[in-house]
Amino acid sequence: MTTTLNERLRVPVEDRPLDFYQCAISRWCTGCGDNAIMTAVQRLCRDEHLPPERVVSVSGIGCSSRLPHYLNSYGFHGLHGRALPVAEGIKSRRPDLHVFVITGDGDCCSIGAAHWLHAFRYNPDLTVLLHDNGTYGLTKHQTSPTTPLGVRTNTAPTGAAMEPLDPLSVALGATNASFVAQAVDWLPEVLSQILSLAFHHRGFAFVRILQRCPEFLPGLFDPWINDPARIRLVTHDDALTPSAGLARSFPNREVHDPSDLDRARRIAADRELLPVGLLYRDAEVPTYEDLHPVLRLPSERLQERMEDELDRFTIWPDGQRLAQGGD
Ligand SMILES: Cc1ncc(C[n+]2csc(CCOP(=O)(O)OP(=O)(O)O)c2C)c(N)n1
Ligand code: SF4
């Protein structure tokens, strides 16, 4: 063991192999992009020397939301669409932990959409991975908010009738958005770099990851996998810095300053080229933990405050409330 400290969590650095961060065999289908995302999360944990007891992964319900079962850390596999409030609760009481949120396009952009929008505004210190496969995988192929126009599903057998919601544009339009990036499961170098940038961002780091579901939407992303010229690789010295070999495969590269919100919105809205990289980052947006005075109280004082609040609603037997000092 070395004596240096992990800067984010202030814990001693300990070298561990990749498989140390896996605690069960995944049940995802062969070729499912969730496997690649899980590997990228394990790599991040290994490279950042994260002790499992200082990491929590929180999810809702869906194929993607099974990740906490496989990652060797604390985990909370909760209710459909409710990963964010659970994660916010954990982070607000245990700021010493690093909290990942794992969510699907149904989980985040459909049933959990209200939590999602407000989470940007609150800017809690979370790393959020949206596994976007364009369908409800776990429940076997229904239309989701991100199913592309015309794509057939069980609930739209003749093809999705509406334009899909664009998670990047929604994120870049949300009040207080502080970190918005896009990755794809088939480019591990880019995925790992973006997860690392998200991990080091203090605030609500939102990463949409295009994730293949070969079971229900085989070939959905083939146009971009087979033709890298349809991707806009968004780079910057202080953001995504692809290796020369990788960069050569992408003729459409753009050096983009991640503090430029207007350009980020235009890149996200462009339907010709799929953006991959960090679109926006503002490290100055205060986090919820910074802003909320009660969250800064020492835990004994916070407990007292909660007891006082609960006492206000206690139905006291006659006379006892006065004896307890109540009104
Ligand atoms: C309140 C509630 N409504 C509906 C469901 C059924 N349900 C479970 S997972 C899911 C959709 C999952 O899709 P997504 O979030 O895109 O994740 P994926 O399985 O594709 O990874 C639905 C509708 C549920 N579990 N709870
Ligand atoms: S159904 Fe799709 S999303 Fe679910 S595990 Fe299989 S490939 Fe992955």
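## Two loop residues with positive phi

In this predicted model, N123 lies in the loop that connects helix 5 (113-122) with strand 6 (126-132). The phi angle of N123 is near 50°, a positive value in a residue other than glycine. Most residues other than glycine have a negative phi. N123 has a relative accessibility of 0%, so it counts as buried, the cut-off being under 20%.

H141 is a second residue of this kind. Its place is the loop between strand 7 (135-136) and strand 8 (142-143). Phi of H141 is near 85°, again a positive value in a residue other than glycine. Is H141 buried or exposed? H141 is buried, because its relative accessible area of 11% is under the 20% limit.

Which way do strand 9 and strand 13 run relative to each other? Strand 9 (residues 179-184) is antiparallel to strand 13, and four bridges join the two. In this pairing, F179 stands opposite R281 of strand 13. Strand 11 (residues 231-235) also pairs with strand 13 over four bridges, but in the parallel sense. Here L233 is the residue opposite V276 of strand 13.

## The largest pocket

Strand 13 also takes part in the lining of a pocket. The largest pocket holds about 610 Å³ of space. It is lined by 26 residues, and those closest to its centre are P164, R208, W224, R271 and L274. At least two lining residues come from each of helix 6 (167-173), strand 10 (204-210) and strand 13.

Sorted by class, the lining of the largest pocket contains 14 nonpolar, four polar and eight charged residues.

Of its 16 lining residues, R27, C29, C63, G137 and L138 are the closest to the centre. The classes in this lining are eight nonpolar, three polar and five charged residues.

What takes up the space of the second largest pocket? Ligand 2 does. The residues that surround ligand 2 are W28, C29, C32, C63, N133, Q211, C213, P214, E215 and F216. This shell divides into seven nonpolar residues, two polar ones and one charged one. C29 and C63 belong both to the shell around ligand 2 and to the residues closest to the centre of the second largest pocket.

## The enclosed cavity

How many cavities of 30 Å³ or more does the model contain? The count is one. The largest cavity has a volume of about 40 Å³. Its lining is made up of G81, A83, L84, T103, D107, C108, G112 and W116. The elements that give two or more residues to this lining are helix 3 (83-93) and helix 4 (105-111).

By class, four residues of the cavity lining are nonpolar, three are polar and one is charged.

Terms used: Residues numbered from 1 in each chain as written. Chains lettered and ligands numbered in written order. Predicted model: local features only at pLDDT ≥ 70, side-chain atom pairs only at ≥ 80, totals over all residues. Heavy atoms only, no water. Near = heavy atom within 4 Å. 1 Å grid on protein atoms, 1.4 Å probe; cavity = no way out; pocket = protein on both sides within 12 Å on 5 of 7 lines; lining within 4 Å. Sits in = over half its atoms within 2 Å of the grid points. Nonpolar A, V, L, I, M, F, W, Y, C, P; charged D, E, K, R; others polar. Points joined across faces, edges and corners; volume = space filled by probe spheres on them. Pairing = 2+ DSSP bridges. Buried < 20%, exposed > 50% of the residue type's maximum accessible area, 1.4 Å probe, protein only.
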